[in-house]
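Let's take a walk through this fold together, going from sheets to helices to cores. Keep the viewer open and follow along.

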Amino acid sequence: MRILYFSLGYSTHDYRFLKAISDGGHDVHFVQLEGNRRQVESRSVPENVHQVIWKGGREAFTWSKLPALVLDFKRLLRDLKPDLIHAGPIQTCAFIAVLAGASPLLTMSWGFDLMDDVHKGWMWEFATKYTLKRSTFFTSDANVTKDKAFVYGMNPDKTIVFPWGVNLEHFSKKEERKESEGFVLFCNRSWETRYGVDVLARAFVKVARQREDVRLILLGGGSQGANIRKIFQSGGVDEYVTYGGQISQTELPRWYHMADLYISPSHVDGSSVSLMEALACGLPCLVSDIPANKEWVFENQNGWLFRDGDVDHLAEKILAAMNQREKLPEIGRASRSEAEKRADWKKNAAALMEVYRSLGEKNAH
């Protein structure tokens with residue numbers, strides 16, 4: 001089939017989807033809505049994927065650009081004649097596709113579009129309802145986003161949920177670390193408001209004042225950078241933080257293996273891929289108690305939950321994990337087993353190919 005894959009930017013997730021579609025034997029055309037503000041994927045677009053040059057793809061989306069983008073997307077549909085359009089996030093890429101008359105349309109939620117963006121104002125809410133009511137099929141990576149999609153008008157019979165998953169061979173179980181190496185916390189969420197890294201920064205200051213053996217590895221970056229560094233500096237704990245920057249997928253497992261505990265303080269999420277990577281690496285996970293995280297982390301089994309946004313509670317939970325170090329290997333084994341059960345990208349990508357096949361067949365009749 002000829003697939004038109006339409007996404008916001010070019011991230012690690014996009015790379016994996018494009019590669020899976022291309023490996024599935026499809027003819028893939030990749031349309032990008034915005035230019036990448038930050039390089040988050042070091043690998044180039046997979047071979048056999050055609051990058052489409054069009055009106056978008058260079059700068060941030062604004063509503064004022066909508067008419068011109070829709071018009072040019074109509075041209076793409078005429079020129080490329082795709083058998084299927086796979087588009088998301090909902091209020092940007094999928095909305096443009098719907099307005100341009102794309103059909104059949106597989107709308108893909110990116111988690112934040114239904115958990116966060118939909119609340120940005122009436123236009124965002126309108127775009128959500130308008131798009132979902134006109135989508136041929138819908139996919140998301142968590143039950144919490146699927147349920148939201150129903151609220152905004154998506155037909156429950158035209159929906160599939162599968163976690164995006166990880167490569168379980170690449171993200172493998174770590175060796176058990178020696179106590180003499182100190183206790184290392186790890187977080188690689190983006191430094192943006194919705195991911196709550198500032199909450200972790202404040203909690204770390206509290207913990208480091210009580211325990212000299214604690215360290216923090218922070219990867220990535222983002223618009224909250226100056227604020228986050230200021231919290232560490234004014235708390236006097238900056239020397240205990242390792243800033244790793246942007247790490248390639250090839251190098252990433254090595255960083256997970258340096259840690260004793262993975263932390264995700266995010267306020268909104270679907271099934272977080274970095275959480276699945278941590279589980280696959282056999283790390284105990286301490287995460288905010290938002291609905292999507294509760295689909296993956298079970299208290300005292302493969303990790304712990306803390307009250308979203310609650311700095312004191314997070315600090316308390318970190319200290320509790322440090323005080324039961326002897327239990328961590330067992331908790332780490334439970335993490336790995338959860339990943340093997342539900343986060344295998346190979347199996348989950350096959351579910352997507354199945355959706356393509358059924359949509360292609362329906363379209364052919």
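This is a predicted model: local features need pLDDT of at least 70, side-chain atom pairs count only at pLDDT 80 or more; totals for chains, interfaces and linings use all residues.

Before we start, one term: two strands count as paired if DSSP finds at least two bridges between them. With that in hand, look at strands β12 (residues 285–288) and β13, which run parallel and are joined by four bridges.

Seven strands make it up, with parallel pairing, in the order β3-β2-β1-β4-β5-β6-β7. The edge positions go to β3 (49–51) and β7 (159–161); each has a single partner strand, so one side of each has no neighbour in the sheet. On average, neighbouring strands here are turned by 20° against each other, if you ignore direction. In general, strands of a sheet pair through backbone hydrogen bonds, in either a parallel or an antiparallel way.

Helix α2 (residues 66–80) touches β1 (2–7), β2 (27–32) and β4 (84–87), and its direction makes about 160° with that of β1. Helix α3 (residues 90–99) touches β1, β4, β5 (105–108) and β6, with its direction at about 170° to that of β5.

How do α2 and α3 pack against each other? Their angle is about 65° and their axes are 9 Å apart, and the crossing is right-handed. On the α2 side the contact uses L66, L69, V70, F73 and K74, while α3 brings F95, I96, A97 and L99. Sort those contact residues by type and you get eight nonpolar, no polar and one charged.

Nonpolar side chains tend to be buried together in soluble globular proteins. Here the largest nonpolar core has 56 residues, and Y5, Y256 and Y262 have the most contacts inside it. Helix α14 (residues 345–364) supplies the largest share of this core, seven residues. Apart from it lies another core, this one of 35 residues, including A208, V214, I318 and A321.

Technical notes: Residues are numbered from 1 along each chain as its sequence is written. Side-chain values use heavy atoms; hydrogens and water are left out. A nonpolar core is a set of buried Ala, Val, Leu, Ile, Met, Phe, Trp, Tyr and Cys residues joined through side-chain atoms within 4.5 Å. Buried means under 20% relative accessible area, exposed over 50%, partly exposed in between (1.4 Å probe, protein chains only). Helices (H or I, at least four residues) and strands (E, at least two) are DSSP runs, numbered from the N terminus. Axes are lines fitted to C-alpha atoms, for helices over the stretch in contact, and angles run from 0 to 180 degrees between N-to-C directions. Contact means heavy atoms within 4.5 Å. A crossing is left-handed if the near helix is turned anticlockwise from the far one by less than a right angle, and right-handed if clockwise. Ala, Val, Leu, Ile, Met, Phe, Trp, Tyr, Cys and Pro count as nonpolar, Asp, Glu, Lys and Arg as charged, and the others, Gly among them, as polar.
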